[in-house]
Amino acid sequence: METISIDKCLHMDRVIFIDVRTTKEFEEGTIPGAVNVPIFNNEERAYLGHTYKNVNKITAKEEGFEIACQKLPEIYAKIKKTAKGYSKIVIFCWRGGLRSKSIATVISLMHLPAYQLEGGYKAYRTYILKDFEKRLSLPSPYIVLHGYTGCSKTLLLKALEKAGMPVLDLEGLANHRGSVFGGVGLGEQPPQKVFESYVYDKTISFNNSLVFVEAESSKIGKRVVPAYAINHIKTGIHVLVNLDKEIRIQRLLDDYMETNGTFEENLSFIKNSLTTIKSYMSNHDYNLMHEYIENGNLHDFVGLLLDNYYDPMYKKWKKYYGTFDYEVDSSNIDVAVKELIEIFNKESNIPKKG
């Protein structure tokens, strides 16, 4: 059984990662694309941990060995099936300890190309956080889309990605639209570690190309955007996206109400979210918005919300950037995408400073 470093793994093709930690640990964060083949379930892991700390280390290891031995045939079969077509099987646990070592040893003895990841998942986390820090000092590779709420920035990113352009959709990775009402109909956000892994995995796939991204604040819902990404957003190439208010209203309605949640669930979410911005508007406007929601008049609700909350807030944000490098109109998505691709091609041919 051999070990392998995370740096080497991430730069190799046809590698499959096998996470042998519990389902709970896996859900809290793992290496993107990894397959969970747990040695212990959540309850077994908790029991063995308690035994190790409070009873006897040898007893904990012996009982863990007994549990694992019963599962080995099933674990081997699952890994063999999962790893078909891959040239390397990299097995990891939290710190590159007994769990991954024991399984990697067994799999190697069965003549499969198995390796134990040095330092485990903890080494992966350390690696990406250090890489995030290094990227702080690099020139920004971002073409940043700005614009009032509802001007179709996300729609443009999706269209650009469909056209084969490099796109970092931070809101998509965070499963949140980035606004007070950004979670309507989307369900839970990924854990912070998972979100960071998604961002890193996408970032290294771009191979130093320019990348389209939407202007974001430091948090998207409850998830914190890596500092290097925020820095690159601030120092990138800035494109202002313009769109008529009436079209913005309709596109917001299409986006927010056509989601996984039911119409009633989405309205309930909107009502609850509205209370969090009550202090930013007059009682009259706040009560009027509630009235619009109760009567199902979502068009006027969104219009009033734009006039009294989002647009004034964005005007302040807009002043921070001053003059934009480019402007596009998004009333016709196809035309706007062509213009953005032209900007991409033009900027790609301009030598970058630093």
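1. Strand 4 (residues 88-92) and strand 5 (residues 114-117) are paired in the parallel sense over three bridges, where pairing requires that DSSP finds at least two bridges between two strands. Helices (H or I, at least four residues) and strands (E, at least two) are DSSP runs, numbered from the N terminus. Within this pair, Val90 stands opposite Tyr115 in strand 5.

2. This is a predicted model, in which local features need pLDDT of at least 70 and side-chain atom pairs count only at pLDDT 80 or more, whereas totals for chains, interfaces and linings use all residues. Residues are numbered from 1 along each chain as its sequence is written, and side-chain values use heavy atoms, with hydrogens and water left out.

3. The open sheet comprises five strands in the order 1-5-4-2-3, with parallel pairing. Its edges are strand 1 (2-4) and strand 3 (35-36), each of which pairs on one side only. Helix 5 (residues 98-109) packs on the sheet, where it touches strand 4 and strand 5, contact meaning heavy atoms within 4.5 Å.

4. The buried residues of helix 6 include Tyr121, Tyr124, Ile128 and Phe132, buried meaning under 20% relative accessible area, exposed over 50%, and partly exposed in between (1.4 Å probe, protein chains only). Among the elements covering the buried residues of helix 6 are strand 4, strand 5 and helix 9 (192-204).

5. No disulfides (pairs of cysteine sulfur atoms within 2.5 Å) are found in a search of the whole structure. The sulfur of Cys69 lies 17 Å from the closest cysteine sulfur, in Cys93, which is too far for a bond.

How values were computed:
Axes are lines fitted to C-alpha atoms, for helices over the stretch in contact, and angles run from 0 to 180 degrees between N-to-C directions.
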